[in-house]
Amino acid sequence: MRFLDSSTPDFAAGFEAVLATANLSTESVREPVAAILADIRARGDAALCDYTARFDRLDLVPASLRIDAATIDAAIEEVAPALLDALDLAATRIETFHRAQLPADLELDDPAGLRLGMRWTPLDAVGLYVPGGKASYPSSVLMNAIPARVAGVSRVAMCVPSPDGALNPLVLAAARRAGVSEIYRIGGAQAIGALAFGTATIAPVDRIVGPGNAFVAEAKRQVFGHVGIDSVAGPSEVVVVADGGCDPRDVAIDLLAQAEHDEMARAILITDSRELADGVAAAVADELSRLPRTAIAGASWRDHGAIILVPTIMDAAALSDRLAPEHLQIMTADPRAFFGAIRHAGAAFLGRWCPEALGDYIAGPNHVLPTGGTARFASGLSVFDFLKRTTWIESSEAGLTAIGPQAVALARAEGLDAHAESIARRLSANAPRL
Ligand SMILES: NC(=O)c1ccc[n+]([C@@H]2O[C@H](COP(=O)([O-])OP(=O)(O)OC[C@H]3O[C@@H](n4cnc5c(N)ncnc54)[C@H](O)[C@@H]3O)[C@@H](O)[C@H]2O)c1
Ligand SMILES: N[C@H](CO)Cc1c[nH]c[nH+]1
Ligand SMILES: [Zn+2]
C-alpha cells in the first residue's frame, strides 16, 4: 500500500505512480488474445474446446458447450429458497430501475413543414460475459441480462467459464430468472471470439457486454468493429472519500470488499484525517488476517492500494476526478455537496450507510461499470447498451420546396451533381434558384 500526503513535495510524483497503476492496460495480453481470436475464427468449436481444456481444465465436445435445460432445472433445485427469494428481490429492483431508463421516441413538427423523428429499436442478439475465474457472479448475470430484456432484445446468449467443471447453481438460477435464452460453459478470450464470430454451435451476436479479466477486456477491444461492445469493465476499483467522523473498520472492510475481487483490483482511501488514515491502515491489516480471500485481497492492497491525506475533504474531489474511479464511496458529513463537485465516476455511493456492496447486489443501478480511468468518457451498463436509434425524415412537396434549394446549393458546392439533381428535379418550376 502506498501512503501519500498531498502537502509534501514528493506528492505529485507519488500520485502519478498511483494513476499509472490505475490506468487500464491490457497490452501485455494483446498478442495471446489475438492468437486465440484468430484460432476461434479459423477452427470454431474445436478451438473453443481446446482452450477450455487448457485454461479451465474442462474437457468438452461441441454438443456439451451449451448447458441444457435439465441441468439448469437440477441446479435450481439445489438453491436454498431464501437465496432464491433474495435473488428475486434483487432482480425486481434492478428491473424497476432499468425500466425507468427506457427512452421515448422523438417526433418533431418542423417549421418548414417536414416531420423529423428518432426511433429506438432493441438489438436482435446480444452476448453476455459473466466472469467465473476467481469468483462466481450471479449478481452480474442479473446486471447484464435484465437491461437487455427490459430493452426488448429477443436473443440473449450468455457465456460463463466453469473452471474444473464447477457450475454455480445460483448463476444458473439468475440466468433463468433474468430470461437468458442460451448459456455456454466457456470463458476468457475464446468465449468472446465465439460470440463475435460464431461457431457451428454458437450463432454470432450483434453486441457483447459484461466485465471480465484482462483477457476478456482485451478480446472485447479486439472484436470491436466486428460487433459492438459496452465499456471496458476490467478489474474492480473503489475510491473511498471519508472524513474523521467515520469508523476506520467500516472504511477498511469497504476497501477490502473491492480488493478481494482480484489481485489487480484497486482500493484507494482519500481522507483529511491523519487519525482515520492510521486507523484504516491498521484495520485493513487486521481484517486481512481473518478474511478467507486474504491472498487475493492482500496482493491487491499491497500492490495497488493507497491512502492519500489531503488538507480538507473537498480537496479530495479533484484527486478523485483524476482517478475517474469505477466506484466512488462518499463518507463525509455532507455527501451531496461533495458529489456536486465530482465530474468523473462510474457510480457514486452517498453517505455512511451506503457501502458499495449494496450497489453490487440489490440497490437497482447497474454494477457493470467503466474501470481504469475510462469513467472520463464511458458510463455503466444500462438499457441504452441494448438499444439503437434510427432517425427519420418525412417531407411533403411543400417541405422539399421550403429547404430544397439550399440543399441543392450545398450539393453543387461539394461537386456532387447527382445529389443536387435528385433534389432539383423534384422542385416546382417556381421554387427559388440560388
Ligand atoms: N467492472 C465490473 O463491473 C466487474 C464486475 C464483476 C467482476 N469484475 C472483474 O472481473 C474480473 C473477473 O476475472 P476472473 O479471472 O475471476 O474471471 P473471468 O471469467 O474474467 O476470466 C476467467 C477466464 O480467463 C481466461 N484465462 C485465465 N488465464 C489465462 C491465460 N493465462 N491465458 C489465456 N486465458 C486465460 C480463462 O479462459 C478463464 O476462463 C475481476 O477482475 C473482477 O474484478 C468486474
Ligand atoms: N464490484 C463488482 C464490480 O466491480 C461487482 C460485483 C459483483 N459481485 C460482487 N461485486
Ligand atoms: Zn464487488
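**Contacts and burial around annotated positions**

Analyst: Not counting residues up to four places away in sequence, tyrosine 129 touches Cys159, Ala191, Ile192, Ile208, Gly210, Gly212 and Val216, where contact means that two C-beta atoms, placed from the backbone, lie within 7 Å. This is a predicted model, in which local features need pLDDT of at least 70 and side-chain atom pairs count only at pLDDT 80 or more, while totals for chains, interfaces and linings use all residues. Residues are numbered from 1 along each chain as its sequence is written, and chains are lettered from A and ligands numbered from 1 in the order in which they are written.

User: Why does tyrosine 129 count as buried?

Analyst: A residue is buried if 20 or more other C-beta atoms lie within 10 Å of its own, exposed if 12 or fewer, and partly exposed in between. Tyrosine 129 counts as buried because it has 30 C-beta neighbours inside 10 Å, and it lies in strand β4, residues 125–129, strands being DSSP runs of E with at least two residues and helices runs of H or I with at least four, numbered from the N terminus.

User: Which residues does the UniProt "binding site" annotation cover?

Analyst: UniProt annotations may be inferred rather than shown by experiment; here the unreviewed entry lists Tyr129, Gln190 and Asn213. Although they are spread over 85 residues of sequence, they cluster in space, with a largest C-alpha distance of 12.8 Å.

User: Where does asparagine 213 lie?

Analyst: Asparagine 213 lies in the loop between β7 (207–209) and α9 (214–223), and it counts as buried because it has 20 C-beta neighbours inside 10 Å.
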